[in-house]
Amino acid sequence: MRLPKTEYIKALSINEVIANLAEADSKAKILAGGTDLLVNMKHRLEMPEILIGIKSIPELSSLSKENGMLKIGSAFTLSNLLKKEEIKNDYPILYDSIKSLASMHIRNTATIGGNICLNTRCWYYNQPKLWRDGRELCHKTGGTVCHAIKKSGRCYAINSSDTAPVMIALDAEFTLTSKEGERKVKATDFFKDNGKSHIDIANDELLTSITIPSQREEKTLTYFHKISSRRGIDFGYGNVAISLKGEKNKGYSEAKIVIGAMTSAPVLLKKAASIIAESGITKKSIEEASNIAATELGTLTNLFTSAGYKRKLASALVKKALEALSEK
C-alpha cells in the first residue's frame, strides 16, 4: 500500500513545530520514527495533510540530569536509550521494557515519545480500508458503535505501549509544549481509559520531554515483564510494571503495580499494591495480590485474547513479577 500525498515539513526547532501545529489546526501529525504512524497512513487510518518531522531538533534527542532527575527528549530513539549506562543501571525497569519492544530494526527508528503516544489498536480498526468499508463506522472512525462491545458508548481499543505502564510505575512527568507555553502532566493522568482519546495531549501540543525521578534516594525494587505471541515484533497480550520502595518483608513506603496492553489505558492495581505495601513480599501476600489483580481490570474486550484469559494472565503476570522481586 502506498502512502497518501502529504506535505512534509522538516522542523529545525521546537518553536517551528509549535507554530506549524497551531496553524495546521488538527490537520498535522508529528513524525519522529514513524513506525506506527506511517503504517496507519498506508491503511488510511490516519490521513494528516501535513507531517512535521522533529528528528533534526537537538533538544528532542537529548538526555540529561536535572536536580537528580532524568530528563529524556521525546525524539530519543529506543536503541540509543538502550546504549545509555544510566538507563541500564539506574532505571532497569525502563531498560527492560524498551528491550522487549518490537525488534532491533524498529527500535533503531522508533522513539520514546512515539511509544508513549502509541495509537490504540483494535481488530476492527487496524485493518485495510476496503475491509473496514464493509462495516459500520465505529467510535474511533467517527461513528457511534463499538464492534468489540456492542452498545458501548465509547471506544475500547487497546493501548499496547510497553513503556506506558513503566512511566506510571516510575512517577514520570511529561512536558507538553504549545504556543501557550509548557504544561506538565503526570503519567498517571496522561493516559485515558478511552480508545479514541487515549492520551491527554491537544492537537497543538508537542510532547517535548519525559522527566523521571531518581530511584536512588530510597531503596527501590522494580520489575517489568511482557507476554506476547513472539518475543520480538508482536504487541503484547499483557505486561506488568512494578515499583516498590522500602524493605522486603517489612512493608513498603510505596508500592505500584501497573498492568498494560489489556485495556485502553494502563491500570494501576491499587488493591494488589496495598497488600504488598502493608505485608511486604511473602508467599501469602503474593498469592493474595495476584488473585485480587484479576478483579481490578474493569471491563475487558475479547480482542487479541478472551476477557477471561486476560484476567488469568493479569494474575499470572503479577505473581511472576512479585516472585522475581522476592528473589532479588
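Before you click anything, a word on angles: axes here are lines fitted to C-alpha atoms, for helices over the stretch in contact, and angles run from 0 to 180 degrees between N-to-C directions. Helices (H or I, at least four residues) and strands (E, at least two) are DSSP runs numbered from the N terminus, and contact means heavy atoms within 4.5 Å.

What you have open is a predicted model, where local features need pLDDT of at least 70 and side-chain atom pairs count only at pLDDT 80 or more, while totals for chains, interfaces and linings use all residues. Numbering starts from 1 along each chain as its sequence is written, and side-chain values use heavy atoms, with hydrogens and water left out.

**Stop 1: the parallel sheet**

Select 7–10, 28–31 and 50–53. Strands S1, S3 and S2, in that order, form an open sheet with parallel pairing; two strands pair if DSSP finds at least two bridges between them. S1 (7–10) and S2 (28–31) are the edge strands, each pairing on one side only. From one strand to the next, the twist averages 25°. Zoom in on S2 and S3 (50–53), which four bridges join. For one of the residue pairings, pick lysine 29: its bridge partner in S3 is leucine 51.

**Stop 2**

Now go to 220–228, the strand S9, and 236–246, the strand S10. Along with S11 and S12 they make a four-strand open sheet, ordered S9-S10-S11-S12 and paired antiparallel. S9 and S12 (267–268) have a single partner strand each, so one side of each has no neighbour in the sheet. Between S10 and S11 (252–260) there are eight bridges; find asparagine 239 and you'll see glycine 260 of S11 opposite.

H5 lies across S9 and S10, at about 10° to S9. H11 (270–279) lies across S10, S11 and S12, at about 150° to S11.

**Stop 3: aspartate 234**

Stay here and select aspartate 234, in the loop between S9 and S10. Is aspartate 234 buried or exposed? Its relative accessibility is 18%, so it counts as buried (buried is under 20% relative accessible area, exposed over 50%, partly exposed in between, with a 1.4 Å probe and protein chains only). Its side chain makes a polar contact with the side chain of arginine 230, at 2.9 Å. (A polar contact is a pair of N or O atoms within 3.5 Å; within protein, one must be able to donate a hydrogen and the other to accept it, and residues adjacent in sequence count only if both atoms are side-chain atoms.) Leaving aside residues up to four places away in sequence, aspartate 234 touches Lys226, Ser228 and Ser229.

**Stop 4: the phenylalanines**

Finally, show Phe174, Phe190 and Phe191, which form one aromatic cluster. Rings of Phe, Tyr and Trp (its six-membered ring) pair if their centres lie within 6.5 Å; planes under 30 degrees apart count as stacked, over 60 as edge-to-face and the rest as tilted. The structure holds three aromatic pairs. In one of them, the ring centres of phenylalanine 174 and phenylalanine 191 are 6.1 Å apart with planes at 90°, so the pair is edge-to-face. Phenylalanine 174 sits in S6 and phenylalanine 191 in the loop between H10 and S8, so this pair ties together parts 17 residues apart in sequence. Phenylalanine 190 and phenylalanine 191 also pair edge-to-face, 5.2 Å centre to centre and 85° between the planes. Both of those residues are buried, and phenylalanine 174 is buried too.
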